[in-house]
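These are notes for a colleague opening this entry for the first time.

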Amino acid sequence: MKLVCLSDNPSKPCFVLFFKGVRIMLDCGLDIKQILHFVPLLVVPGFQVSKARAWSQGGDRRNRVSDDVAQELKDCGGRILVDGAPEFSIPETGIIDLSTLDAILISSYSCMLALPYITEYTGFKGTVYMTEPTLHIGRQYMEELVKYVERNPKSNVASHWKQENIIKNLPTPLRDAINPRQWRKLYTLHDINSALSKVQLVGFSEKLDIFGALTVTPASSGCCIGSCNWIINSKYEKICYAAGTSTLTTHPRPMDQAPLKNADVLILSCLTQTPLILPDPMIGEFCVNAAVTVKNGGNVLVPCYASGVTFDLFECLSMHLEQCGLAGVPMYFLSPVSDSTLAYSNIFAEWLSSVKQSKVFLPECPFPHADLLSKGRLKNFSSIHTGLTTDFHTPCILFAGHPSLRMGDIVHFIEMWGNSSANTIIFTEPDFPHLDALAPFLPVAMRVCYCPIDTSLNFSQANKLIRDLRPLHLVVSETYMRPPLLEPLRNDLTIDFDPSPLTYKQGEIISLPVKRQFETVEMEPELANTLEPVEVKPGSAVSMITASLVVKNNKYILQNMPNVPLSRKRRSDGSLLWRKPYIFGTPNLHAIVEALKQHGFNSLKVEENETGSIIHLVKEDSLIQVDSNSTHIICDSEDVRLKIKEAMLKCLKQL
C-alpha cells in the first residue's frame, strides 16, 4: 500500500492512494496563494495600481534582465509583481499517470478547486464522489474565480520571467516562488461543467463499492456544509482520511467520530493555518472593530469568500450591531454568485447542525441572512455595475471578494476607501498573509485589522482526537511535526503520537505499514450443497473440496469444476493409487486403552507424567508415549506395530 502527495500546501491537499490494485485520489486542492505574485485585476481603470511602473533593475548591467522580462514585471508599492494573466499552482501531474485513476474522493468544496485540471487535461475516466452541498458550493467557488478573471481579462501570459537564470536575480518574495514553471492559467466555465458531470453524489454513511475491491464511506467532518471524512475499507483493512475537520459547534452538522476509530492508518491534513489564534475571540474582535468604525462614520471592508464563515459573520455582526444601536447600518455582499450562494445555504437543512435544522420545522430559514435580506439590512449584488451605485449608502459594511485582493470588486473599494483613516479593512480568511495581500496598494491610510477565523482542528484538538480514535499508524504533513517559525519553542503546537507518525511532502511516495494477510472467498450455493463437513472440535467443522477459483471484479469465488474426469495417480505397473485419507484429532487416553484391548492387548500398564502418559504393553514388550502434540510407538515386532497402528487410527478422525 502506497500514498503519494501531489500538493505542496497541506491545507489544499491532494493525494493518490494505491490500495488493492485501486488508485484513489484524495481531494484535489488548488493553491491560490501564488496569485499574490501577480498585479491585481482592476475593475475600474485609472487607479493607483494601474499606474505602477515597469521594473527597472539596478546594479551590474551584466545581470540585468531583457526588455521582455522587464515589461512582465511591475513595481507596485515597492514589491515586484507579475503583470499578466493570473496563474495558479496545480497539483503535481508528472509523478503519476492521472489517466489511470479509478476514483476521486472530495472532502469539501475548499479542497476541489483543482478538479477541472485533473479530469479535463489528463485523460481521467473514473468517477468523482462528493456530497450534494460540496458539489453546488464548489461549483460556485469555481465559477466565481472564472468570472473574476474573465471579467477583467489580461491578454498576455507572462512567461519570460520564469527562466531559471532570471528568477535567481529577482527580489524576494518573487524569487522564492514555488515551481512557477508548473503554474497554469485558470480553467473555463466549460471545463467546470464537464468536470462536474463526472460527479456521483453521496450521503453521509452511504457505502460505495469501488470495483469490488474497496468500500468507501463519507462521515461528517463538521468543518463546513457537506464536508466529510472518508473511510476506506477492505474486508480486513481500514484506512481513514481526515481533512478539514472541526470539533467546534458552528452551522454544519457536527463531526462524526465513531466511523474513524481503530483504523489501521489515519491520514490527517488541513489543520489550522493559525495555530496561535482561536476563532471565537477573533469573531468578537471582528464585530467590535466593525461597530467602532461605522459608529465613527467610517466604512468597513471585509475581503471574503462567497460561503463558509461569511454566513457566521453575517449572523454575529448583525446581532452585535443591534446591541450597539447600529441596526440601521447597511451590509452589502458583492459576489458574482451572491444570489445562488445565499439561496443554497437555506435549502441544505439536512446538512446543518441540529439547531439550524430545528428552525426549518417552525418554519424559519436556518440562517438569519434571509431575514436580513427581507428587511433590507443586507443587500447582495453580483458586481459594482449591477445596481450597487443606485442603492449604496455610507457608512456601511461591505463584504466582497476575493480575499487575495488580486481580483474582484474588493480591488476597486481598496483604492476608493484606502486614503481615509476613518475606514477599516478587516481580514478574516487565513488562506493569505494579509500584509502580502495588501502590498500592491501601499501606502494606505485606512485602518488594517487582522482577525483570522479558522475553525479547523488546532494541534491540541488534533492530538486529543487522535488519542480518541486510536489508529495503529498516523500520516501527517512534515510541517505538523515542528513548531511554527514564529514560535520555535512551542512543542505543544505539533502532533504528538506514538509510534512516530509517517510524514509526507510534495512528490514523496510513502509505503504505508499495512500488509494484506487475508482475503475473503465466496462459494457458489451448488458447490456448498455437495460438502460433507466433519466436526473437528465443538463449533468447528472441516470438509474436503475440489473446485475452481474464479477471480473477477476483485472478488474471489469458488465454483464447481467442469464435468471433466479428474486424472488419478498410478503406480509404475499402471494400477490406480488410492488417495490417502487426512488424519486429524487429539486421541483420548481412555479411548486408546479401549481400542488396544479390542485388538487383543490385555496386559496394559498406564503411567502418567508431566508431559503426558506412557502405555506399557507387558506381554508384547512395547511402549506407547502419548504427549499433548505427538504419539510415539516403540516396538520391535512388525506385526505388533501394525496392530497398534490400527488401534490408534480408530481413535482419530479422518477425511
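1. Aspartate 83 is buried, and lysine 74 is buried as well (under 20% relative accessible area with a 1.4 Å probe and protein chains only; over 50% is exposed, in between is partly exposed). These two residues form a salt bridge, with the closest N and O atoms 3.0 Å apart. A salt bridge here is a side-chain nitrogen of Lys or Arg within 4 Å of a carboxyl oxygen of Asp or Glu.

2. The model is predicted, with local features needing pLDDT of at least 70 and side-chain atom pairs pLDDT 80 or more, while totals for chains, interfaces and linings use all residues. Residues are numbered from 1 along each chain as its sequence is written, and side-chain values use heavy atoms, without hydrogens and water.

3. Glutamate 120 and lysine 198 also meet through their side chains in a salt bridge, at 3.0 Å from N to O. Glutamate 120 sits in helix H2 (residues 115–121) and lysine 198 in the loop between helix H5 (189–196) and strand S11 (199–202), so this pair links distant parts of the chain, 78 residues apart. Helices (H or I, at least four residues) and strands (E, at least two) are DSSP runs numbered from the N terminus. Glutamate 120 is partly exposed, with a relative accessible area of 23%; lysine 198 is partly exposed, also with 23%.

4. One of the salt bridges pairs lysine 12 with aspartate 431, the closest N and O atoms being 3.3 Å apart. Lysine 12 lies in the loop between strands S1 (2–5) and S2 (15–19), and aspartate 431 in the loop between strand S21 (424–427) and helix H12 (434–438), so the pair ties together parts 419 residues apart in sequence. Both lysine 12 and aspartate 431 are buried.

5. The axes of helix H6 (residues 279–295) and helix H7 (residues 309–323) come within 10 Å and cross at roughly 50°. Axes are lines fitted to C-alpha atoms, for helices over the stretch in contact, with angles from 0 to 180 degrees between N-to-C directions. H6 and H7 are therefore oblique to each other (under 35 degrees is roughly parallel, over 145 roughly antiparallel, 65 to 115 roughly perpendicular, and the rest oblique).

6. Residues of H6, including Ile283, Phe286 and Val294, meet residues of H7, among them Leu313, Leu317 and His320, where contact means heavy atoms within 4.5 Å.
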